[in-house]
Structures are given as C-alpha cells and as structure tokens.
Amino acid sequence: MLNIDQTFYHKINNIMTERNERRMDKVQDTIEILKTYHQEHIIKLLEKLEGKEKEELIEQINKIDFHQIMELYDNTKKEIEIRENKIENIAYLDKAKLTREQKEEFEQLGERAVRNREYAVVTMAGGQGTRLRT
C-alpha cells in the first residue's frame with residue numbers, strides 16, 4: 001500500500017510526464033509545420049534552443065499563418081491582366097470657379113449619395129489631398 005508521500009509523488013510524476021508529452025507533441029507539430037513550408041533552417045535553430053527560449057519560439061511559430069503567407073507569395077508571381085492601358089483626362093470642375101448655389105447643389109448630391117451608400121473612394125497623387133482641401 002502506498003503512503004501519502006508516495007501517492008503525492010506518483011501524482012506529481014504523472015502530471016510532469018503528461019506535461020512533457022504535450023510539450024514534445026507541440027514541438028513535433030511545430031517541426032511538421034516548418035517542414036511542410038520548407039522552413040528547415042528554423043528547425044535547426046529550434047533544436048539548439050532549450051527551456052523558455054525554445055517555448056517562446058514555438059509559440060511565435062504557431063502564431064504564424066504559413067498558408068496565408070504562401071498564398072500571398074504565390075499571388076506575387078501571377079500575371080496581372082490589364083484590360084485598359086490608355087490614360088485619358090477626366091472631366092473636372094474647378095471648385096474656386098463654382099457659384100455658391102453650385103457648391104450647395106454638389107454638397108446635397110454628395111450627402112444623398114453617402115446616405116444611399118452610393119459613394120466611391122479616390123486616391124490622389126502625393127500632396128493632392130492637402131491642396132484640394134481649400
């Protein structure tokens with residue numbers, strides 16, 4: 001029959017064994033992920049580390065979405081189809097030359113478009129945003 005000290009020792013031993021097995025599973029899972037995405041150089045680094053440093057690196061690796069990174073990288077290799085390759089001037093109005101009534105009309109038109117979710121976004125060349133604010 002086991003005494004209390006032996007029972008306690010066995011419980012602690014079982015807990016530590018389970019913890020080590022989970023840690024080893026996590027290490028193996030991480031290594032498999034790294035192999036899948038051809039990151040063997042990180043495996044070599046991982047094998048050199050011990051203790052907390054190793055655990056921290058494993059945590060960092062497991063936060064990385066390697067699948068998404070590979071998709072993004074693969075997308076950089078795709079040929080982009082440009083459907084329209086000529087640049088044309090677009091019609092514009094000079095805000096400084098508009099009458100007060102025209103400005104109010106455009107403001108109302110803009111507010112109505114935003115309320116109806118009928119709006120677009122325009123990107124201007126560097127600095128244009130500040131100059132157009134006047």
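Of the 134 residues in the protein chain, 10% count as buried. The model is a predicted one, and its protein chain exposes about 13100 Å², with carbon and sulfur atoms supplying 53% of that area. As for secondary structure, the chain has six helices and zero strands, so the order of elements from the N terminus simply reads α-α-α-α-α-α. Taking contacts between residues at least 6 apart in sequence, 50% join residues at least 24 apart.

Now for the inside. The largest nonpolar core is made of 11 residues, among them Val27, Ile31, Leu34, Leu57, Ile61 and Phe66. Three elements, H1, H2 and helix H3 (51–63), each give two or more residues to this core. Isoleucine 31 shows how some of these side chains meet: once its neighbours within four places in sequence are set aside, it is in contact with Ile43 and Leu46.

In general, an α-helix has 3.6 residues a turn, so residues three or four places apart point the same way.

Leu93, Phe106 and Leu109 make a nonpolar surface patch of about 300 Å². Phenylalanine 106 belongs to helix H5; its relative accessibility is 38%, so it counts as partly exposed, falling between the 20% and 50% cut-offs.

Most residues other than glycine have a negative phi, yet histidine 38, not a glycine, has a positive phi of about 55°. Histidine 38 is found in the loop between helix H1 (4–36) and helix H2 (40–48), and with a relative accessible area of 60% it is exposed. Arginine 117 also has a positive phi, of about 55°, without being a glycine. Its place is the loop between helix H5 (100–115) and helix H6 (128–132). Arginine 117 has a relative accessible area of 72%, and therefore counts as exposed, the cut-off being over 50%.

Note on methods. Residues numbered from 1 in each chain as written. Predicted model: local features only at pLDDT ≥ 70, side-chain atom pairs only at ≥ 80, totals over all residues. Heavy atoms only, no water. Helix = DSSP H or I, 4+ residues; strand = E, 2+ residues; numbered from the N terminus. Buried < 20%, exposed > 50% of the residue type's maximum accessible area, 1.4 Å probe, protein only. Core = buried A, V, L, I, M, F, W, Y, C linked by side-chain atoms within 4.5 Å. Contact = heavy atoms within 4.5 Å. Patch = residues over 30% accessible without salt bridge, like charges linked within 9 Å, V, L, I, M, F, W, Y side chains within 5 Å. Areas by Shrake-Rupley, 256 points an atom, 1.4 Å probe, with all protein chains shown as cover. Salt bridge = Lys/Arg side-chain N within 4 Å of Asp/Glu carboxyl O.
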